[in-house]
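Biologist: Please take a close look at a single part of this model. I would like one connected account, with its surroundings included.

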Amino acid sequence: MEIAAQSIEGGFADPVFNAQTAFRAIMDAMARPGSVQALPPLAQPPAPLSATAGAVALSLCDNDTPIWLDPWLQAEASVKAWLGFHTGAPLANTPADAHFALIANPAGMAALDGFSQGTQEYPDRSTTLILLTDDLVSGPSLLLEGPGIEKTATIAPTGMPRHFVEQWKQNNQRFPRGVDIILAAPGKLACLPRTTRIKTMEA
Amino acid sequence: MTDIATYNFAYLDEQTKRMIRRAILKGIAIPGYQVPFASREMPMPYGWGTGGVQVTASIIGPDDVLKVIDQGADDTTNAVSIRAFFKKVAKVAVTTETAKATIIQTRHRIPEHPLNAGQVLVFQVPIPEPLRFLEPRETETRKMHALEEYGLMHVKLYEDIARHGRIATTYAYPVKVEGRYVMDPSPTPKFDNPKMHRSPALQLFGAGREKRIYAVPPFTDVVSLDFEDHPFEVQTFDQPCALCAAENVYLDEVILDDHGGHMFVCSDTDHCEKRRADPSSPLSEGRAEGAGGGDLAASPATPSPALRAAPPHDGEGKEAR
């Protein structure tokens, strides 16, 4: 009963305009990797899904896009019910089937190459990873360059996956195949499209 | 029934917008790659910018300021009707000033005024596949893109040189994006190709009939294909704009009568009007005579907007080639 109520509440108050606001933040972040875009809490999903990640899911996912949940989200029936009610998206059985993957605990996540990479002919058929992170400034610094970045950009998300820089280098090498990442922090988000190169890891 | 509220904001339904938004994000992540999308039928015929309209409808919000140009002009039929469409279905502010717009939907020109970060340029694309006239099969062109096999395009440019002594392609001039995908910049004159290179604005391309969306993120390398001994070069004009005396801009030829009278004027009407309104810029009644050459140019070549509606635009009809 309680789960049922939780799954119905907390969607976009104004679905049309909230989805547009969230999408523009994502689009600007994707077009300018490393830039941090503000996104007010438009959705209130059940924990451990965050408001930012919830808004991203609501603005991009629907019945055409299987979602994969990491074990921490998978364990929460309320999260599954909330996503199911508000997006209608089916849950993917394996990471490779997913169009989107919601990852509450990036530090414990499976390897990036386990997700769908797209094909050489259709590199767009890849998984977009939505990583929940506590903030984008207090983790290890990542120096970014590539399309969308004038010279360089810096971002320092916390709790990133193990060997992330190495894994990302491999992701770059698979271009045009590869995964794209949306980093969802409280009140803000940033993106790492597959074209972004992480140059050096500062201390 | 005049009740527009029966339509969703910006005409498209939310599921369609989500689908297009996902395609836009993939396009941005893979610069120059054509993302297939489920193009919808729009209340205008294919060829009138249905792809661009769908992209604009999916990104536009109530705070946006929209500018629409058709061959550089704000006041031609296509531009006027698309602007009116969004005014009606999204109630957004519209402008003709390049600097004030947040979204600029364009048919075949990039404004002369430099774009800034935060602006989005949406191109209407008739044929997104640069290899289509060289290889009609989609299965083959897709494989060519996958394998980065672009020799055929160089052969085409070489044949231009063999036949004409120079690369004769003047519009839809193929570019390579970020060193990987060969992309059709839409039938813009090649004059505009250098403006795409490391532009601070996000460039989105929508092809409605062909059901493809592609993108060039800001600060992305866009290099026109060429040869060492035949480097890429843009068109030059040996006279300035007859109305505003602007040089180094793209000019349209305007036929004034049926006795050979003609003049060359800015294709970008906003740029031209701004220059003429600016008292500090040298105005050009006198120059119009020398420039236009014809006897009619001598009769006051008053800048009349009506003039803009008439000219046969360069590039029109060539699309069907």
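**A covered strand in chain B**

Modeller: In chain B, strand S2 (residues 65-70) and S4(B) run parallel and pair over five bridges. This is a predicted model. Strand S4 covers residues 103-107 of chain B. Within this pairing, B:Lys67 has B:Ile104 of S4(B) as its bridge partner.

S4(B) also pairs with strand S5 (residues 120-124) of chain B. That pairing is parallel too, with four bridges. Here B:Thr106 stands opposite B:Phe123 of S5(B).

Now the burial. S4(B) is mostly covered, with five of its five residues buried. Buried here means that 20 or more other C-beta atoms lie within 10 Å of the residue's own. In a regular strand, side chains alternate between the two faces of the sheet. Both faces of S4(B) are covered. On one side are B:Ile103, B:Gln105 and B:Arg107. On the other are B:Ile104 and B:Thr106. All of these residues are buried.

Next, the partner chain. Contacts link 29 residues of chain A with 30 residues of chain B. Helix H2 (residues 15-31) of chain A gives the most to chain A's side, with twelve residues. By class, that side has 15 nonpolar, five polar and nine charged residues.

Chain A has a sheet to set beside the strands above. Six of its strands form an open, mixed sheet in the order S1-S8-S7-S4-S3-S2. Strands S1 (37-38) and S2 (67-69) of chain A stand at the edges with a single partner strand each, so one side of each has no neighbour in the sheet. S1(A) pairs with strand S8 (residues 188-192) of chain A in the antiparallel sense, over two bridges. In that pairing, A:Ala38 has A:Lys188 of S8(A) as its bridge partner.

Helix H3 (residues 51-60) of chain A packs on this sheet. H3(A) touches strands S3 (100-103), S4 (128-132), S7 (180-185) and S8 of chain A. The direction of H3(A) makes about 135 degrees with that of S7(A).

Last, chain A as a whole. Chain A holds six helices and nine strands. Its radius of gyration is 16 Å, close to the 17 Å that the globule rule gives for 203 residues, so chain A is as compact as a globular protein of that length. The C-alpha trace of chain A spans about 50 × 30 × 30 Å along its principal axes. Buried residues make up 52% of the 203 residues in chain A. Of the contacts in chain A with a separation of 6 or more, 70% join residues 24 or more positions apart.

Methods:
Residues are numbered from 1 along each chain as its sequence is written. Chains are lettered from A and ligands numbered from 1 in the order in which they are written. This is a predicted model: local features need pLDDT of at least 70, side-chain atom pairs count only at pLDDT 80 or more; totals for chains, interfaces and linings use all residues. Two strands pair if DSSP finds at least two bridges between them. Two residues are in contact if their C-beta atoms, placed from the backbone, lie within 7 Å. Axes are lines fitted to C-alpha atoms, for helices over the stretch in contact, and angles run from 0 to 180 degrees between N-to-C directions. Ala, Val, Leu, Ile, Met, Phe, Trp, Tyr, Cys and Pro count as nonpolar, Asp, Glu, Lys and Arg as charged, and the others, Gly among them, as polar. The radius of gyration is taken over C-alpha atoms; the globule rule is 2.2 Å times the number of residues to the power 0.38. A residue is buried if 20 or more other C-beta atoms lie within 10 Å of its own, exposed if 12 or fewer, and partly exposed in between; C-beta atoms are placed from the backbone.
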